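Hi,

Here is the structure I promised to pass on. Please open it next to this message and follow along.

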Amino acid sequence: MTYLAKPKLHHPTLARNKVGYTRRDYEGRVSTLCAGCGHDSISAAIIQACWELDVEPHRVAKLSGIGCSSKTPDYFLGASHGFNTVHGRMPSVLTGANLANRDLLYLGVSGDGDSASIGLGQFAHVMRRGVNMVYIVENNGVYGLTKGQFSATADRGSKSKKGVINPDAPVDLIGMALQLGATYVARSFSGDKEQLVPLIKGAIAHRGAAFIDVISPCVAFNNHAGSTRSYDYVREHNEAVSRIDFISPRNEITAEVEPGGFVDVEQHDGTVLRLRKLHADYDPTDRVAAMSHVQALQAQGEVVTGLLYVEAESGDLHEALNTSARPLNALDEAVLCPGEAALARLNASLR
Ligand SMILES: Cc1ncc(C[n+]2csc(CCOP(=O)(O)OP(=O)(O)O)c2C)c(N)n1
Ligand code: SF4
Ligand SMILES: [Mg+2]
């Protein structure tokens, strides 16, 4: 972790959002990542999305595991709650925090090593349980922090910096998230802010498990010829299924679009995701079709990006468990401990 604080000086004319904050109020400490690391661009996109959505920083809980990617919550939303957990264990800590207080926005930040290697089991269960969260994997195909070993998402046949060819098949986190029931599934590229910011905004507005796999080149260990996670490779093979506009209920829908050339998806909170179709036959609301389309393009070596699947009327873990609408820390003793008679009734009902 870095201990370099940013100076708190604000230019008086900086624009403020509806809750009175400047964009700078969403920043964190000075990043210690390598200059040009894709992860820093993702932090900037998170800052932009939260500022534009008027998210109050103290209503956000950032959770991460271990890795360069998992260090990044220190570099954005400095006034939010944060928990840097153990390697691969962010999802269970996030699930527990969410169950205790459903009123915060849960932002899980992880790496491909953190989520697809040591944390794969945790990744699977947080997706299948439909925890209400934004889960971002900063995917560079290597363990950046421990000096560039192939991670489990590295493509078979891709080349390491030292020239070693990866013999193993990759774990496809997008395919897994789709199969396990995530209700908002997207992929983007750290170098494409225009696509990434609205995808993050859509995920924040979504209720349920929202997963974004962001290809994020590691300039120190995985940005050479023969890598499939380099800036050059992703720019050449980026195959977007759609372009997304995020429209909040208070904005008039003014964008002009060709008839049939877009899909509008209204989410439970009234926000509209306007998807401009780039692949005419792509339907982002059909889970099975999305799975086969993504796999077909990936088999051709393309990096498929955009909002790949969304279930607008999705539920979440609290709905499934019928939990208290009030956060646990706001329940008083009388509610939490209803007394001997209530316990006797409960025991009797279970006999
Ligand atoms: C239990 C445990 N095992 C191994 C490690 C060593 N370790 C630290 S970070 C890391 C991998 C990080 O890779 P990734 O999640 O892809 O993050 P990146 O640095 O690439 O952003 C590993 C194996 C650890 N910290 N804890
Ligand atoms: S080692 Fe790689 S992932 Fe880590 S900060 Fe440097 S460029 Fe980023
Ligand atoms: Mg990594």
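This is a predicted model: local features need pLDDT of at least 70, side-chain atom pairs count only at pLDDT 80 or more; totals for chains, interfaces and linings use all residues.

**Ligand 1**

Start with the ligand. Ligand 1 is surrounded by 17 residues. The closest are S69, D112, G113, D114 and G144.

Which atoms of S69, D114 and G144 lie by an oxygen atom of ligand 1? For S69, a polar side-chain atom is 2.7 Å from an oxygen of the ligand. D114 uses its backbone instead: an N or O atom there sits 2.7 Å from a ligand oxygen. G144 also places a backbone N or O atom by a ligand oxygen, at 2.8 Å.

How much of ligand 1 does the protein bury? On its own, ligand 1 exposes 590 Å², and the protein buries 74% of that.

The largest share, three residues, is from α4. Sorted by class, the shell holds nine polar, six nonpolar and two charged residues.

**The largest pocket**

The volume of the largest pocket is about 520 Å³. Its lining has 24 residues, and V55, L105, I204, A205 and D269 are the closest to the centre. Look at β3 (105–111), β4 (133–139) and α7 (193–205) here, as each gives two or more residues to the lining. What classes of residue make up this lining? Eleven are nonpolar, eight are charged and five are polar.

**The second largest pocket**

The second largest pocket holds about 310 Å³ of space. It is lined by 18 residues. Closest to the centre are D155, R187, R229, Q298 and E302. The elements that give two or more residues to this lining are α6 (173–180) and β8 (209–215). By class, the lining of the second largest pocket has seven nonpolar, six charged and five polar residues.

Now the backbone. Most residues other than glycine have a negative phi. Two residues in this model are worth a look on that score.

D54 is not a glycine, yet its phi is positive, at about 60 degrees. D54 sits in the loop between α1 (38–52) and β1 (60–64). Is D54 buried or exposed? D54 has 14% relative accessibility, so it counts as buried; the cut-off for buried is under 20%.

N322 is not a glycine either, and its phi is positive at about 55 degrees. Find N322 in the loop between α10 (317–321) and α11 (333–336). N322 counts as exposed because its relative accessibility is 69%, and exposed means over 50%.

**T305 and N238**

Last, a side-chain pair. T305 belongs to strand β13, which covers residues 303–310. T305 has a relative accessible area of 0%, so it is buried. What joins the side chains of T305 and N238? They are joined by a polar contact of 2.7 Å.

**Where to look**

Then turn to the largest pocket, where V55 is one of the residues closest to the centre. Finish with T305 and its 2.7 Å contact to N238.

Best wishes

Conventions. Residues are numbered from 1 along each chain as its sequence is written. Chains are lettered from A and ligands numbered from 1 in the order in which they are written. Side-chain values use heavy atoms; hydrogens and water are left out. On a 1 Å grid over the protein atoms alone, a cavity is a set of points where a 1.4 Å probe fits but cannot get out, and a pocket is an open set with protein on both sides within 12 Å along at least five of seven lines; lining residues have an atom within 4 Å of a point. Grid points are joined across faces, edges and corners, and a volume is the space filled by probe spheres set on the points. Helices (H or I, at least four residues) and strands (E, at least two) are DSSP runs, numbered from the N terminus. Ala, Val, Leu, Ile, Met, Phe, Trp, Tyr, Cys and Pro count as nonpolar, Asp, Glu, Lys and Arg as charged, and the others, Gly among them, as polar. A residue is near a molecule or strand if one of its heavy atoms lies within 4 Å of it. A polar contact is a pair of N or O atoms within 3.5 Å; within protein, one must be able to donate a hydrogen and the other to accept it, and residues adjacent in sequence count only if both atoms are side-chain atoms. Accessible areas come from the Shrake-Rupley method with a 1.4 Å probe; for residues, only the protein chains shown count as cover. Buried means under 20% relative accessible area, exposed over 50%, partly exposed in between (1.4 Å probe, protein chains only).
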